[in-house]
Amino acid sequence: MLAAISPEVRPQQPVTPDWVKNAVFYQIFPDRFARSGRVKGLNLQTWGDQPHFHQYMGGDLWGVIEKLDHIVSLGVNAIYFCPVFQSASNHRYHTHDYYQVDPMLGGNEALRALISAAHERGLKVVLDGVFNHASRGFFQFNDLLEQGDASAYRDWFHVEGWPLSAYDDARPAGYHAWWGNRALPKFNTSNPAVRDFLWDIAEYWIKQGVDGWRLDVPNEIDDDSFWQEFRRRVKAVDPDAYIVGEIWGDAHRWLAGDQFDAVMNYHFTRPCLAFFGAHTLDHPMNERSGTGFVPPISAPEFGRRMTEVTQMYHPDVVAAQLNLLDSHDTARYLTAVGGDASAYRLATIFQMTYVGAPCIYYGDEIGLPGGPDPDCRRAFPWDRQNEWDTATLSLTRQLVQARRSTVALRHGTFDVTHAEGDQIAYTRAHAEGNAYVALNCAQHATRIPLAGVLPGTYTDVLTGHTLELSGDTEIEVPARSGLLLVPAQA
């Protein structure tokens, strides 16, 4: 059973930005999304080749601007970017300079242009903040390597002994690094100079127009006061800035209203794999990726667990949780369920009709596969549209539009009304009208009961059919498909 936050520790006022509660996010891994060709003189892989840990595909922020029409066509209204700052790695979690966008991505000019173009289209922009560790190329750490104990920045890091060995694995590193990876020296965040440096970065980019931060491994800065001041400074610049942490487990510590607004909701991810992919889960694939082993579950257990997830934290936090089916840190959902596209579509119906902010990982909307890192970070196949799963793309657009146009799907309660075998039904209830969802994971059509339907005319978003309904009813739902009833537009 997932723990619910006790009433006495709940914040008395809303603690999360309202725009997030109405948002649908799109996550972009910049090196693999779109290459504009404007950044010259680079040694790059051929676009679409098999991803490699140490090679660059050459996606850039100018390319993202060129593809905003596609992003907007999905109906999403927020973009979360994996790191964009200068780095000697294709994933850019090895930061060299926090004040400079990587020249390979187009530099600061490209980010300014992207923020402007995104905002003109009603899109928010959230950046990835990697504040627990830097890189061997980070100036202050490089000074430490050059000057040793005499370095002006000696106390910016956790030195264990001299000499330091940043590259020779046969010798002790001599300093703390993220999970022992000597390419990622850990900041000494008890040092006031380091704290001020990181807080200044957080403020600086919000002042440049960024709409929030996704925080990489923030639990490893094991210091509530650091994150409390981080929030204070960010919110002083923009009270509506979104602060979302990468916390895979229980996050009560960070979600009391004085640190993060929300977390990446892996409590949502795993049950969606376990139920919708119950019969096709690729267990070795999941165990090699960040998700780990996922045992299959039935509808009753799924209903219970997803109800518990809505009760874990303060309601304003739950409404702002980043609900993801996969990410750059896991196998793609499609691959994790053995290539079963129907499982992904069912999970997407659920994702777009559940409490919280859905997040689509780039390429999932066209059926892009991918196993663990680096394969889950493939290049978007813009030049091979014949390979796109157009049924999934069409469904994604329908669902996002329905969510954004139906108040109940964003702000309604979540009430499971039927859960048996491979079928589940639930209501999103709201004063402005209810929405009703039924999902059939079986290999055959079946009738699924809907309880207490308010009298009225409803449209099934998935078929376009109009129904007059009232009270308890049963509706036939095709195999491996669903029903999404919203109040018909007058």
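Over the ring of which residue does the charged end of Arg332 sit? The ring is that of Tyr362, with the charged end of Arg332 4.7 Å from its centre. The charged end of Arg38 sits over the ring of Trp62, 3.7 Å from the ring centre. A charge is taken to sit over a ring if NZ of Lys or CZ of Arg is within 6 Å of the ring centre and within 35 degrees of the ring normal. The model is predicted, and local features need pLDDT of at least 70, side-chain atom pairs count only at pLDDT 80 or more, and totals for chains, interfaces and linings use all residues. Residues are numbered from 1 along each chain as its sequence is written, and side-chain values use heavy atoms, with hydrogens and water left out.

UniProt, in an unreviewed entry, places the feature "domain: Glycosyl hydrolase family 13 catalytic" at residues 27-403; such annotations may be inferred rather than shown by experiment. The span 27-403 is 35% helix and 11% strand, and its end C-alpha atoms lie 18 Å apart. Helices (H or I, at least four residues) and strands (E, at least two) are DSSP runs, numbered from the N terminus.

Across the whole structure, 53 aromatic pairs are found. Rings of Phe, Tyr and Trp (its six-membered ring) pair if their centres lie within 6.5 Å; planes under 30 degrees apart count as stacked, over 60 as edge-to-face and the rest as tilted. The pair of Phe138 and Phe187 is edge-to-face, because the ring planes stand at 90 degrees, with the centres 5.4 Å apart. Phe138 belongs to the loop between strand 5 (124-129) and helix 5 (139-147), and Phe187 to the loop between helix 5 and helix 6 (192-207); the pair links distant parts of the chain, 49 residues apart. Phe138 is buried at 2% relative accessibility, and Phe187 is buried at 1%, where buried means under 20% relative accessible area, exposed over 50% and partly exposed in between (1.4 Å probe, protein chains only).

Phe141 and Phe157 also form an edge-to-face pair, with ring centres 5.1 Å apart and planes at 80 degrees. Phe141 lies in helix 5 and Phe157 in the loop between helix 5 and helix 6, so this pair ties together parts 16 residues apart in sequence. Phe141 is buried, with a relative accessible area of 0%, and Phe157 counts as buried at 4%.

Grid points are joined across faces, edges and corners, and a volume is the space filled by probe spheres set on the points. The search finds three cavities of 30 Å³ or more. The largest cavity has a volume of about 40 Å³ and is lined by Asn108, Leu111, Arg112, Ile115, Tyr204, Trp205 and Gln208. Helix 4 (107-120) and helix 6 each supply at least two residues of this lining, and helix 4 gives the most, with four.

The largest pocket has a volume of about 960 Å³. Its lining comprises 39 residues, of which His91, His94, Trp178, Asn181 and Leu184 lie nearest the pocket centre.

Key. On a 1 Å grid over the protein atoms alone, a cavity is a set of points where a 1.4 Å probe fits but cannot get out, and a pocket is an open set with protein on both sides within 12 Å along at least five of seven lines; lining residues have an atom within 4 Å of a point.
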